[in-house]
Amino acid sequence: MTAAAPRARPARTRGARRGERWWAYAFVAPPIVGFLVFGLWPMAASLYLSLTRYDVLTPPRWVGLDNYARLFTRDPFVAKTAWNTLAYLAGVPLGMATSLALALALNQGLRGERPLRWLFFLPSICSLVALSLVWGWVYHADYGLLNDALRSLGVARPPRWLEEPRWVKPALVAMGIWATAGQNMVLFLAALQGVPRHLLEAAELDGASAWQRFRHVTFPAISPTTFFVAVTGVIGAMQNFDQVYVMTRGGPEYASATYMLYLYQSGFQYYRMGYASAMAWALAAATALFTWLQFRASRRWVRHG
Amino acid sequence: MAERRRRRGGLAPRLAAYALVWAGALLVLAPFAFLVSTSLKAPAEVYERPLRWLPRSLTLDNYRRALTQVELWRGTLNTLCIAVPSTAGGLLASSFAGYAFAKMKFPGRDALFAALLATMMLPGVVTLVPQFAMFASIGWVDTYYPLVVPGSLGAAFAVFMMRQFFAGLPDALIEAAALDGASPLQTFTRVAFPLAKPALWTLAVFGFRGAWNDYFGPLVYLSTPSKFNVQQMIAATQNAYGGEPAVLMAASALALLPLVVLFACAERYFVEGVAGTGMKH
């Protein structure tokens with residue numbers, strides 16, 4: 001096939017060579033087949049199933065929009081778990097601030113930067129199941145590390161973290177920040193290393209304070225990374241499952257249950273698969289909405305190029 | 001390395017930075033230390049308060065019980081049965097496809113690539129129920145196939161990463177091979193693929209981490225306890241050994257160990273993988 005290529009010009013500029021396209025289709029076939037069979041088709045099927053009552057064992061029965069009507073108007077668990085999930089979303093900016101603060105501190109060229117970076121990153125490679133078991137023990141009301149420390153600081157009756165409805169969400173959010181801060185810190189560190197030094201130095205010569213330099217030079221320069229961390233953080237928080245399922249199963253009084261936990265229980269414990277499909281589409285729509293809002297808002301604060 | 005370190009700012013900000021970073025380090029370390037300390041204690045000492053970090057007498061009994069009674073060794077084998085084929089298949093499939101998208105020309109290339117990228121935006125939860133129904137209808141529930149097959153065809157993210165890598169290779173390299181009479185397959189296997197080692201390592205490390213840490217997938221598909229992966233096994237110990245935190249902590253430590261070792265040996269690939277995901281924007 002290459003013999004026909006004119007010597008003077010590279011073969012490539014003549015466009016697709018004949019045999020090459022069939023090789024190319026063979027090369028891309030597996031992921032494309034995967035996309036069709038495990039992506040596109042299930043997506044269409046999911047839309048249909050969300051309009052049915054379906055328990056896997058018997059064929060789906062058409063119920064129209066009833067699942068959606070129930071979801072939005074009649075199911076108190078949806079309202080409760082959606083609210084809980086929104087509360088977990090509050091952890092996203094807190095976590096981002098933590099990661100950014102750590103990255104800014106480490107970026108000063110501190111002694112021991114490498115081992116510290118290693119340590120901060122460590123929780124993000126660990127499984128959430130194992131970390132949840134560890135933190136379940138850390139939060140143990142009578143023998144946990146946290147309450148032991150609080151008692152030695154003079155707190156006579158520290159909270160029973162995972163057993164009280166008003167403490168369980170903050171406790172899980174704090175653990176979530178602990179588990180993910182390092183990964184986002186690495187992203188921020190990479191971004192900080194790309195901040196143009198001559199701009200920082202020029203600002204310093206002009207007498208800009210540290211805060212002004214951060215506000216007007218550093219923050220705009222790293223804003224694409226901040227945006228990425230925000231978007232992925234929100235998407236992750238909306239699908240929070242492992243941590244809650246292992247640590248509390250949603251309790252006490254369903255105060256820690258996330259929407260994703262309720263979806264799993266609806267589909268795979270009560271076999272309301274049609275309802276679970278409708279819940280999944282509502283979650284996808286909410287995720288798309290939040291992401292779209294973030295993209296819209298980003299025009300005001302994210303600097304590209 | 002010392003000359004690389006750039007000192008910035010005055011003394012006060014530097015001291016504040018040190019304080020912040022070391023406080024953070026202590027907070028990160030404390031739960032891990034609590035984990036290790038508890039796992040090495042005899043039952044009588046586990047509930048002793050105020051806390052003693054160093055056990056009076058070290059015992060490995062909790063680890064022995066985690067391995068034999070919880071059968072973590074079996075969970076490890078099960079996890080490998082899932083992780084190895086899905087990672088290896090995924091690496092191969094995504095390199096072939098990534099190479100084709102980056103260096104070959106064919107009608108529909110850009111549209112196919114865009115469609116593949118669009119699946120990255122798709123929340124996996126939407127396809128959860130129909131996939132389960134599909135696998136149930138062909139008798140694959142409670143087998144490893146649902147956990148292996150989709151990933152081994154090459155996930156969109158992996159294809160994207162490999163495409164970015166191959167796009168960075170000079171065209172001249174590919175053309176030289178073609179001029180020597182190599183078929184596209186030979187060009188790929190002899191020229192492009194061997195150069196992709198760094199990208200492949202990053203993907204392999206990430207694929208292994210994903211498979212080792214996966215809980216939701218096995219939770220949905222596996223119901224026979226002897227087929228459970230590591231995460232399911234340690235999660236199940238909570239019910240059986242809830243009253244024995246030391247065994248629970250030993251089991252958790254064992255489940256964390258392989259990745260911690262891998263991280264210590266291949267930190268570069270973990271960090272590159274994470275930094276790489278941020279760069280696509």
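**Reading a predicted two-chain model**

Modeller: Start at A:Glu253, which sits in the loop between α11 and α12 of chain A. Keep in mind that this is a predicted model.

Colleague: What is the phi of A:Glu253?

Modeller: General idea: most residues other than glycine have a negative phi, and most peptide bonds are trans. Here, A:Glu253 has a phi near 50 degrees, a positive value in a residue that is not glycine.

Colleague: Is A:Glu253 buried or exposed?

Modeller: Count C-beta atoms within 10 Å; 12 or fewer means exposed. A:Glu253 has 11 others in that range, so it is exposed.

Colleague: Which peptide bond in chain A is cis?

Modeller: The bond joining A:Gly251 and A:Pro252, with omega about -10 degrees. A:Pro252 is placed in the loop between α11 (242-247) and α12 of chain A. B:Pro50 is in the loop between α2 (43-46) and α3 (61-68) of chain B.

Colleague: Which residue of chain B has a positive phi although it is not a glycine?

Modeller: B:Asp142, at about 65 degrees. Its place is the loop between α6 (124-137) and α7 (145-152) of chain B. With 13 other C-beta atoms within 10 Å, B:Asp142 is partly exposed.

Colleague: Now helix pairs. At what angle do α12 and α13 of chain A pack?

Modeller: Two packed helices are described by the angle between their axes and the distance between the axes. For α12 (residues 259-269) and α13 (residues 273-301) of chain A, the angle is about 160 degrees and the axes are 8 Å apart. Over 145 degrees counts as roughly antiparallel. So α12(A) and α13(A) are roughly antiparallel to each other. The contact involves A:Tyr259, A:Leu263, A:Ser266 and A:Gly267 of α12(A), with residues including A:Met279, A:Ala280 and A:Leu283 of α13(A). By class, that contact has eight nonpolar, two polar and no charged residues.

Colleague: How do the axes of α8 and α10 of chain A cross?

Modeller: At roughly 165 degrees, coming within 9 Å. α8(A) and α10(A) are therefore roughly antiparallel. α8(A) passes α10(A) in a right-handed crossing. Among the contact residues are A:Asn184, A:Leu187 and A:Phe188 of α8(A), and A:Ile222, A:Thr225 and A:Val229 of α10(A). They divide into six nonpolar, two polar and no charged.

Colleague: What does A:Val217 contact, leaving aside neighbours within four places in sequence?

Modeller: A:Val195, A:Leu199, A:Leu200 and A:Ala203. A:Val217 lies in α10 of chain A. The cut-off for burial is 20 or more other C-beta atoms within 10 Å. A:Val217 has 20, so it is buried.

Colleague: Which residues of the largest nonpolar core touch the most other members?

Modeller: General idea: in soluble globular proteins, nonpolar side chains tend to be buried together. Here the largest core has 151 residues, and those touching the most other members include A:Ala130, A:Val134, B:Ala100 and B:Ile234. α8(A) gives the most to this core, with 14 residues. A:Ala130 touches B:Ile234, B:Ser252, B:Ala255 and B:Leu256, not counting residues up to four places away in sequence.

Colleague: How many residues of chain A are in contact with chain B?

Modeller: 78, facing 88 residues of chain B. α1 (residues 18-49) of chain A gives the most to the chain A side, with 20 residues. That side has 58 nonpolar, 15 polar and five charged residues.

Note on methods:
Residues are numbered from 1 along each chain as its sequence is written. Chains are lettered from A and ligands numbered from 1 in the order in which they are written. This is a predicted model: local features need pLDDT of at least 70, side-chain atom pairs count only at pLDDT 80 or more; totals for chains, interfaces and linings use all residues. Axes are lines fitted to C-alpha atoms, for helices over the stretch in contact, and angles run from 0 to 180 degrees between N-to-C directions. Helices (H or I, at least four residues) and strands (E, at least two) are DSSP runs, numbered from the N terminus. Angles under 35 degrees count as roughly parallel, over 145 as roughly antiparallel, 65 to 115 as roughly perpendicular and the rest as oblique. A crossing is left-handed if the near helix is turned anticlockwise from the far one by less than a right angle, and right-handed if clockwise. Two residues are in contact if their C-beta atoms, placed from the backbone, lie within 7 Å. Ala, Val, Leu, Ile, Met, Phe, Trp, Tyr, Cys and Pro count as nonpolar, Asp, Glu, Lys and Arg as charged, and the others, Gly among them, as polar. A nonpolar core is a set of buried Ala, Val, Leu, Ile, Met, Phe, Trp, Tyr and Cys residues joined through C-beta atoms within 7 Å.
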